[in-house]
Amino acid sequence: MSRDGLHARLRAATDPAHRALEASLDWQARVATLDGYRDLLGRLYGFHAVWESAIAVGLADESFLAPRRRLALVAGDLDHLGLPPSAITALPKPAAPMLDGPAAATGALYVLEGSTLGGQLIGRHIAGLHGISSAGLSYYRAHGPAAGVMWAAFRKRLEIFGDDPVAEAALTGAAVSTFSAMRAWLCDGPGTPAAT
């Protein structure tokens, strides 16, 4: 099967969970104030702290994952917005997922990596709204001008699962679960401590 075929199937299978996340998140309302933006970043920090570690174990390919890690970026943004390092590391985190093998880990990474594309738009919106420099927008700017190249490389990576129905099912199931877990984590629970 072609990578376009697998990607199209994956996108279709995850569409309901993706739309549910977008509807619940209401990111424009969340980032309308600096406190709201900082709160959202705090929730993203907790999510990435747990999910990036789980993806690393399942994927077992740090050379591919390393340039896609965003935990340090969100931590830098929180620091820029006045949250002390001790408060950043103490932020709440969700339960760790079980990602059994490379296909499941790739499915989870599909969600995180895909968010870098929309993140470009969100970053521009926040910059215009709050006048934040790139120092406070590292998470949303992520790959910057290389976002398209990084996404193309990720889509190419999907090819290795295109001829294996079992792997494709694991990849798809993990992607749907990741969208659902992200929705639950970002849209519920306690906020981020105030900056000092």
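**View 1. Arg 70 over the ring of Tyr 139.** In this predicted model, the charged end of Arg 70 sits over the Tyr 139 ring, 3.9 Å from its centre. "Over" here asks that NZ of Lys or CZ of Arg be within 6 Å of the ring centre and within 35 degrees of the ring normal. Residues are numbered from 1 along each chain as its sequence is written, and side-chain values use heavy atoms, with hydrogens and water left out. As the model is predicted, local features need pLDDT of at least 70 and side-chain atom pairs count only at pLDDT 80 or more, while totals for chains, interfaces and linings use all residues.

**View 2. Tyr 110 and Phe 154, a tilted pair.** Rings of Phe, Tyr and Trp (its six-membered ring) pair if their centres lie within 6.5 Å, with planes under 30 degrees apart called stacked, over 60 edge-to-face and the rest tilted. That rule gives seven aromatic pairs. One of them is tilted: Tyr 110 and Phe 154, 6.4 Å centre to centre with 35° between the planes. Tyr 110 belongs to helix 7 (residues 102–130) and Phe 154 to helix 9 (residues 147–158), so this pair ties together parts 44 residues apart in sequence. Helices here are DSSP runs (H or I, at least four residues), numbered from the N terminus.

**View 3. Trp 151 and Phe 154, a stacked pair.** These two rings stack at 5.6 Å centre to centre, with 15° between the planes. Both residues lie in helix 9, three residues apart, about one turn of the helix.

View 4. Ring pairs link Phe 64, Tyr 110, Trp 151 and Phe 154 into a cluster. Over the Phe 64 ring sits the charged end of Arg 157, 4.2 Å from the ring centre.

Definitions and conventions: Helix = DSSP H or I, 4+ residues; strand = E, 2+ residues; numbered from the N terminus.
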